[in-house]
Amino acid sequence: MEPCSSIFICCLTSFCGSFSGYAGLFGRIGEAWQPIQSFLKISSATSALAVKGESPVAQVPACVSVEFRDVEFGYRPVEPVLDRLSLFVEGARKVGFVGRTDCGKSTLLKLVERLYDAQSGSVFVGGKDVRQWPLRQLQRICTCLSQNGGVFFSEATLLDTIRFAKPAASFLEVVQAATLACIHDEIMALQDGYQSRAGEHGKNLSGGQRQRVAIAQALLSLQDPEKKVVLLDECTSNLDPETEASILRNIWPLLDGKTVIVVTHRFEAVEDLVDEVVAIQECRAARPIPLDRTALAASAFPAGC
Ligand SMILES: Nc1ncnc2c1ncn2[C@@H]1O[C@H](COP(=O)(O)OP(=O)(O)O)[C@@H](O)[C@H]1O
Ligand SMILES: [Mg+2]
(Lines give C-alpha, C1' and ligand atoms only; values in the text may rest on other atoms or scores of the structure.)
(Ligands and ions follow the chains in the order given, each with its own letter.)
Protein backbone atom coordinates (compact mmCIF):
# COMPACT_ATOMS: atom_id res chain seq x y z
CA MET A 1 0.00 0.00 0.00
CA GLU A 2 1.25 3.47 -0.80
CA PRO A 3 0.85 6.25 1.75
CA CYS A 4 -2.15 8.44 1.06
CA SER A 5 -1.01 10.92 -1.57
CA SER A 6 -2.11 14.09 0.16
CA ILE A 7 -0.34 12.99 3.32
CA PHE A 8 2.73 12.26 1.30
CA ILE A 9 2.64 15.65 -0.40
CA CYS A 10 2.14 17.33 2.93
CA CYS A 11 5.14 15.48 4.42
CA LEU A 12 7.26 16.52 1.49
CA THR A 13 6.18 20.12 1.61
CA SER A 14 6.61 20.28 5.33
CA PHE A 15 10.13 18.93 4.92
CA CYS A 16 10.85 21.20 1.98
CA GLY A 17 9.45 24.25 3.69
CA SER A 18 12.02 23.70 6.39
CA PHE A 19 14.66 22.87 3.86
CA SER A 20 14.25 26.10 1.95
CA GLY A 21 14.68 27.98 5.23
CA TYR A 22 17.90 26.14 5.95
CA ALA A 23 19.27 26.17 2.43
CA GLY A 24 21.42 29.24 3.02
CA LEU A 25 23.36 27.32 5.60
CA PHE A 26 24.63 24.83 3.16
CA GLY A 27 26.46 27.29 0.97
CA ARG A 28 26.98 26.15 -2.58
CA ILE A 29 25.04 22.97 -3.14
CA GLY A 30 26.31 22.90 -6.70
CA GLU A 31 24.55 21.29 -9.59
CA ALA A 32 22.09 19.49 -7.39
CA TRP A 33 20.64 22.79 -6.23
CA GLN A 34 18.79 23.63 -9.46
CA PRO A 35 16.56 20.55 -9.49
CA ILE A 36 16.01 20.96 -5.76
CA GLN A 37 14.80 24.52 -6.31
CA SER A 38 12.42 23.39 -9.03
CA PHE A 39 11.16 20.70 -6.72
CA LEU A 40 10.59 23.23 -3.96
CA LYS A 41 8.60 25.42 -6.33
CA ILE A 42 6.36 22.52 -7.29
CA SER A 43 6.02 21.47 -3.67
CA SER A 44 5.12 24.89 -2.36
CA ALA A 45 2.52 25.19 -5.10
CA THR A 46 0.92 21.93 -4.00
CA SER A 47 1.24 22.63 -0.28
CA ALA A 48 -1.64 25.11 -0.33
CA LEU A 49 -3.84 22.32 -1.66
CA ALA A 50 -2.52 19.84 0.83
CA VAL A 51 -3.24 21.99 3.87
CA LYS A 52 -6.53 23.36 2.56
CA GLY A 53 -9.32 22.31 4.87
CA GLU A 54 -7.00 21.47 7.74
CA SER A 55 -8.43 22.42 11.08
CA PRO A 56 -6.83 25.35 12.90
CA VAL A 57 -3.79 24.68 15.03
CA ALA A 58 -4.91 22.70 18.03
CA GLN A 59 -4.09 23.34 21.67
CA VAL A 60 -1.29 20.99 22.70
CA PRO A 61 -1.65 19.46 26.16
CA ALA A 62 1.37 19.67 28.48
CA CYS A 63 1.75 15.88 28.44
CA VAL A 64 0.74 14.08 25.28
CA SER A 65 -0.53 10.51 25.47
CA VAL A 66 -0.38 8.04 22.57
CA GLU A 67 -3.10 5.49 22.08
CA PHE A 68 -3.70 2.73 19.54
CA ARG A 69 -7.34 1.66 19.61
CA ASP A 70 -8.36 -1.51 17.77
CA VAL A 71 -5.88 -0.73 15.06
CA GLU A 72 -5.89 -2.92 11.97
CA PHE A 73 -3.26 -2.27 9.38
CA GLY A 74 -1.52 -4.06 6.53
CA TYR A 75 0.66 -2.77 3.72
CA ARG A 76 -1.11 -5.25 1.44
CA PRO A 77 -4.77 -6.25 1.79
CA VAL A 78 -4.12 -9.93 2.41
CA GLU A 79 -1.23 -9.45 4.81
CA PRO A 80 -2.34 -7.85 8.08
CA VAL A 81 0.52 -6.54 10.17
CA LEU A 82 -1.52 -5.20 13.09
CA ASP A 83 -4.65 -7.03 14.13
CA ARG A 84 -6.99 -5.06 16.39
CA LEU A 85 -4.10 -3.78 18.43
CA SER A 86 -4.92 -1.62 21.44
CA LEU A 87 -2.38 0.07 23.65
CA PHE A 88 -2.32 3.21 25.78
CA VAL A 89 0.87 5.11 26.55
CA GLU A 90 0.27 7.76 29.18
CA GLY A 91 1.66 11.26 28.57
CA ALA A 92 5.29 11.72 29.68
CA ARG A 93 5.75 7.99 30.21
CA LYS A 94 8.75 6.13 28.79
CA VAL A 95 7.85 2.81 27.22
CA GLY A 96 10.05 0.21 25.57
CA PHE A 97 8.69 -1.91 22.71
CA VAL A 98 10.23 -5.32 22.29
CA GLY A 99 9.36 -8.08 19.85
CA ARG A 100 10.69 -10.21 17.07
CA THR A 101 11.85 -8.70 13.79
CA ASP A 102 8.89 -7.99 11.50
CA CYS A 103 6.25 -8.08 14.23
CA GLY A 104 5.17 -4.50 13.45
CA LYS A 105 7.07 -2.25 15.87
CA SER A 106 8.22 0.26 13.25
CA THR A 107 4.79 0.15 11.63
CA LEU A 108 3.19 1.24 14.89
CA LEU A 109 5.47 4.27 15.06
CA LYS A 110 4.74 5.16 11.43
CA LEU A 111 1.03 5.28 12.26
CA VAL A 112 1.71 7.80 15.04
CA GLU A 113 3.48 10.10 12.59
CA ARG A 114 0.77 9.42 10.00
CA LEU A 115 3.10 8.12 7.37
CA TYR A 116 0.24 5.66 6.94
CA ASP A 117 -3.31 5.57 8.26
CA ALA A 118 -4.87 2.60 9.99
CA GLN A 119 -7.39 0.74 7.84
CA SER A 120 -9.65 0.41 10.83
CA GLY A 121 -9.46 1.59 14.40
CA SER A 122 -7.69 4.79 15.39
CA VAL A 123 -4.47 6.23 16.68
CA PHE A 124 -4.77 9.08 19.16
CA VAL A 125 -2.12 11.62 20.08
CA GLY A 126 -2.95 13.79 23.09
CA GLY A 127 -6.44 12.26 23.06
CA LYS A 128 -7.11 13.48 19.53
CA ASP A 129 -7.37 11.18 16.52
CA VAL A 130 -4.23 11.70 14.42
CA ARG A 131 -6.49 12.33 11.42
CA GLN A 132 -7.89 15.36 13.25
CA TRP A 133 -4.50 16.97 13.89
CA PRO A 134 -3.17 19.45 11.35
CA LEU A 135 -0.51 17.24 9.81
CA ARG A 136 2.34 19.70 10.15
CA GLN A 137 1.54 20.30 13.78
CA LEU A 138 1.37 16.55 14.44
CA GLN A 139 4.77 16.10 12.88
CA ARG A 140 6.17 18.96 14.94
CA ILE A 141 4.86 17.40 18.12
CA CYS A 142 6.20 13.94 17.26
CA THR A 143 9.81 13.23 16.39
CA CYS A 144 10.77 9.81 15.12
CA LEU A 145 14.39 8.79 14.89
CA SER A 146 14.84 5.50 13.07
CA GLN A 147 17.94 3.44 12.44
CA ASN A 148 18.47 5.11 9.05
CA GLY A 149 17.37 8.51 10.33
CA GLY A 150 18.97 11.89 9.94
CA VAL A 151 19.04 14.36 7.09
CA PHE A 152 22.25 14.51 5.06
CA PHE A 153 23.21 16.68 2.10
CA SER A 154 26.32 15.98 0.11
CA GLU A 155 27.76 19.48 0.32
CA ALA A 156 26.82 20.22 3.91
CA THR A 157 29.49 20.34 6.60
CA LEU A 158 28.98 18.29 9.75
CA LEU A 159 28.36 21.55 11.59
CA ASP A 160 25.45 22.45 9.31
CA THR A 161 24.23 18.89 9.15
CA ILE A 162 23.87 18.71 12.92
CA ARG A 163 22.12 22.08 13.14
CA PHE A 164 19.76 21.25 10.29
CA ALA A 165 16.74 21.24 12.61
CA LYS A 166 17.85 24.38 14.42
CA PRO A 167 19.70 26.60 11.96
CA ALA A 168 20.27 29.31 14.56
CA ALA A 169 22.12 26.93 16.89
CA SER A 170 25.51 28.24 17.98
CA PHE A 171 28.73 26.28 17.52
CA LEU A 172 28.71 25.56 21.25
CA GLU A 173 25.19 24.12 21.07
CA VAL A 174 26.26 21.88 18.19
CA VAL A 175 29.29 20.70 20.15
CA GLN A 176 27.11 20.00 23.18
CA ALA A 177 24.68 17.93 21.08
CA ALA A 178 27.54 16.06 19.42
CA THR A 179 29.10 15.36 22.81
CA LEU A 180 25.84 13.93 24.17
CA ALA A 181 25.60 11.80 21.03
CA CYS A 182 29.18 10.54 21.63
CA ILE A 183 30.42 11.77 18.25
CA HIS A 184 32.27 14.99 19.16
CA ASP A 185 35.70 13.39 19.67
CA GLU A 186 35.51 11.55 16.36
CA ILE A 187 34.51 14.72 14.54
CA MET A 188 37.44 16.57 16.10
CA ALA A 189 39.78 13.79 14.98
CA LEU A 190 38.81 14.35 11.32
CA GLN A 191 41.17 16.53 9.32
CA ASP A 192 38.54 19.24 8.81
CA GLY A 193 36.70 18.67 12.08
CA TYR A 194 33.19 20.14 11.97
CA GLN A 195 33.90 21.48 8.48
CA SER A 196 34.12 17.90 7.12
CA ARG A 197 31.46 16.89 4.60
CA ALA A 198 29.13 14.06 5.52
CA GLY A 199 28.55 13.28 1.85
CA GLU A 200 25.32 12.28 0.17
CA HIS A 201 23.23 10.20 2.59
CA GLY A 202 26.21 10.50 4.93
CA LYS A 203 28.30 8.21 2.75
CA ASN A 204 31.58 9.59 4.12
CA LEU A 205 30.60 8.32 7.55
CA SER A 206 30.38 4.82 8.98
CA GLY A 207 26.93 3.48 9.90
CA GLY A 208 27.59 4.16 13.57
CA GLN A 209 28.84 7.69 12.88
CA ARG A 210 25.78 8.42 10.76
CA GLN A 211 23.50 7.29 13.57
CA ARG A 212 25.30 9.47 16.09
CA VAL A 213 25.23 12.54 13.83
CA ALA A 214 21.50 11.89 13.34
CA ILE A 215 21.04 11.69 17.10
CA ALA A 216 22.91 14.99 17.58
CA GLN A 217 20.67 16.51 14.91
CA ALA A 218 17.56 15.22 16.71
CA LEU A 219 18.80 16.50 20.07
CA LEU A 220 18.81 20.06 18.79
CA SER A 221 15.28 19.63 17.48
CA LEU A 222 14.17 18.46 20.94
CA GLN A 223 14.80 21.94 22.29
CA ASP A 224 11.58 22.95 20.57
CA PRO A 225 9.06 23.04 23.47
CA GLU A 226 6.39 21.75 21.08
CA LYS A 227 8.19 18.38 20.84
CA LYS A 228 6.13 16.21 23.10
CA VAL A 229 6.44 12.70 21.69
CA VAL A 230 9.76 11.09 20.87
CA LEU A 231 9.87 7.80 18.99
CA LEU A 232 13.25 6.08 18.96
CA ASP A 233 13.22 3.18 16.51
CA GLU A 234 16.45 1.25 16.86
CA CYS A 235 18.32 4.51 16.37
CA THR A 236 21.40 3.08 18.08
CA SER A 237 21.37 -0.28 16.32
CA ASN A 238 24.82 0.19 14.71
CA LEU A 239 26.53 1.05 17.95
CA ASP A 240 28.30 -1.15 20.44
CA PRO A 241 26.39 -1.73 23.70
CA GLU A 242 28.60 0.61 25.75
CA THR A 243 28.20 3.54 23.36
CA GLU A 244 24.47 2.89 23.07
CA ALA A 245 24.14 2.89 26.87
CA SER A 246 26.17 6.12 27.18
CA ILE A 247 24.06 7.94 24.60
CA LEU A 248 20.78 6.82 26.13
CA ARG A 249 21.98 7.87 29.57
CA ASN A 250 23.07 11.25 28.17
CA ILE A 251 19.88 12.04 26.34
CA TRP A 252 17.37 10.69 28.84
CA PRO A 253 17.31 13.86 31.03
CA LEU A 254 16.42 15.85 27.90
CA LEU A 255 13.35 13.67 27.46
CA ASP A 256 11.93 14.62 30.83
CA GLY A 257 8.22 15.43 30.51
CA LYS A 258 8.06 13.99 26.99
CA THR A 259 6.32 10.79 25.99
CA VAL A 260 8.91 8.33 24.72
CA ILE A 261 8.54 5.04 22.88
CA VAL A 262 11.84 3.30 22.37
CA VAL A 263 12.30 0.23 20.19
CA THR A 264 15.51 -1.65 20.71
CA HIS A 265 16.80 -5.16 20.21
CA ARG A 266 18.94 -4.77 23.30
CA PHE A 267 16.44 -4.61 26.09
CA GLU A 268 19.26 -4.23 28.61
CA ALA A 269 20.03 -0.83 27.10
CA VAL A 270 16.73 0.65 28.26
CA GLU A 271 15.59 -1.52 31.15
CA ASP A 272 16.74 0.97 33.77
CA LEU A 273 15.38 3.95 31.86
CA VAL A 274 11.83 3.04 30.85
CA ASP A 275 8.76 2.98 33.08
CA GLU A 276 7.25 0.03 31.27
CA VAL A 277 7.97 -2.57 28.60
CA VAL A 278 5.44 -3.71 26.06
CA ALA A 279 6.01 -6.93 24.17
CA ILE A 280 4.56 -6.86 20.69
CA GLN A 281 3.69 -10.50 20.17
CA GLU A 282 3.22 -12.67 17.14
CA CYS A 283 4.31 -11.50 13.75
CA ARG A 284 0.96 -11.06 12.11
CA ALA A 285 -1.36 -10.58 15.05
CA ALA A 286 0.62 -8.16 17.13
CA ARG A 287 -0.78 -7.84 20.63
CA PRO A 288 0.83 -5.82 23.38
CA ILE A 289 1.51 -7.50 26.68
CA PRO A 290 2.74 -5.24 29.42
CA LEU A 291 5.41 -7.11 31.29
CA ASP A 292 7.38 -6.27 34.32
CA ARG A 293 11.09 -6.82 34.07
CA THR A 294 11.10 -10.12 35.91
CA ALA A 295 8.29 -11.42 33.75
CA LEU A 296 10.09 -10.25 30.64
CA ALA A 297 13.23 -12.08 31.62
CA ALA A 298 11.15 -15.22 32.10
CA SER A 299 9.09 -14.74 28.97
CA ALA A 300 9.29 -16.80 25.82
CA PHE A 301 11.15 -14.06 23.93
CA PRO A 302 14.53 -15.18 22.75
CA ALA A 303 17.49 -13.21 24.07
CA GLY A 304 17.95 -9.95 22.22
CA CYS A 305 14.30 -9.58 21.21
N1 LIG B 1 6.75 -0.25 3.28
C2 LIG B 1 6.38 -1.53 3.41
N3 LIG B 1 5.72 -2.17 2.40
C4 LIG B 1 5.32 -3.44 2.54
N5 LIG B 1 5.54 -4.20 3.66
C6 LIG B 1 6.20 -3.62 4.68
C7 LIG B 1 6.66 -2.26 4.62
N8 LIG B 1 7.27 -1.96 5.79
C9 LIG B 1 7.20 -3.08 6.55
N10 LIG B 1 6.56 -4.06 5.90
C11 LIG B 1 6.25 -5.40 6.42
O12 LIG B 1 5.46 -5.24 7.59
C13 LIG B 1 5.82 -6.15 8.59
C14 LIG B 1 6.17 -5.39 9.85
O15 LIG B 1 7.34 -4.60 9.58
P16 LIG B 1 7.98 -3.65 10.69
O17 LIG B 1 6.92 -2.82 11.28
O18 LIG B 1 9.11 -2.95 10.00
O19 LIG B 1 8.52 -4.70 11.74
P20 LIG B 1 9.55 -4.52 12.94
O21 LIG B 1 9.86 -3.07 13.08
O22 LIG B 1 8.87 -5.10 14.14
O23 LIG B 1 10.76 -5.33 12.57
C24 LIG B 1 6.98 -6.97 8.02
O25 LIG B 1 6.45 -8.18 7.51
C26 LIG B 1 7.50 -6.12 6.90
O27 LIG B 1 8.06 -6.90 5.87
MG1 LIG C 1 11.64 -2.01 12.84
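A residue is called buried here if 20 or more other C-beta atoms lie within 10 Å of its own, exposed if 12 or fewer do, and partly exposed in between, with the C-beta atoms placed from the backbone. By that count Ala 92, which has 18 C-beta neighbours inside 10 Å, is partly exposed. The model is predicted, and for that reason local features need pLDDT of at least 70 and side-chain atom pairs count only at pLDDT 80 or more, whereas totals for chains, interfaces and linings use all residues. Residues are numbered from 1 along each chain as its sequence is written, while chains are lettered from A and ligands numbered from 1 in the order in which they are written.

Of the 305 residues in the protein chain, 35% are buried. The chain holds 10 helices and 10 strands, which are DSSP runs numbered from the N terminus (H or I over at least four residues for helices, E over at least two for strands). Two residues are in contact if their C-beta atoms, placed from the backbone, lie within 7 Å; among contacts between residues at least 6 apart in sequence, 76% join residues at least 24 apart.

One open sheet is formed by 4 strands in the order β2-β1-β4-β5, with antiparallel pairing, and its edge strands, β2 (82-89) and β5 (128-129), each pair on one side only. Strands count as paired if DSSP finds at least two bridges between them; β1 (residues 66-73) and β2 are joined in the antiparallel sense over 5 bridges, and Phe 68 has Leu 87 in β2 as its bridge partner. Strand β1 also contains Asp 70, whose phi is near 50°, a positive value in a residue other than glycine, and which is partly exposed with 13 other C-beta atoms within 10 Å. Ala 92, in the loop between β2 and β3 (94-98), likewise is not a glycine and has a positive phi of about 75°.

Helix α3 (residues 105-113) lies across β1, β2 and β4 (120-125) and runs at about 115° to β1, where axes are lines fitted to C-alpha atoms, for helices over the stretch in contact, and angles run from 0 to 180 degrees between N-to-C directions. In the loop between α3 and β4 sits Tyr 116, which is 43 residues from Phe 73 in sequence and 9.0 Å from Phe 73 in space, C-alpha to C-alpha.

Strand β6 (residues 142-146) has 4 of its 5 residues buried, so it is largely enclosed by the rest of the structure. β6 pairs with β7 (residues 229-233) in the parallel sense over 5 bridges, and Thr 143 stands opposite Val 230 in β7.

Ligand 1, finally, is surrounded by residues that include Tyr 75, Val 81, Gly 99, Lys 105 and Thr 107, a residue being near a molecule if its C-beta atom, placed from the backbone, lies within 6 Å of it.
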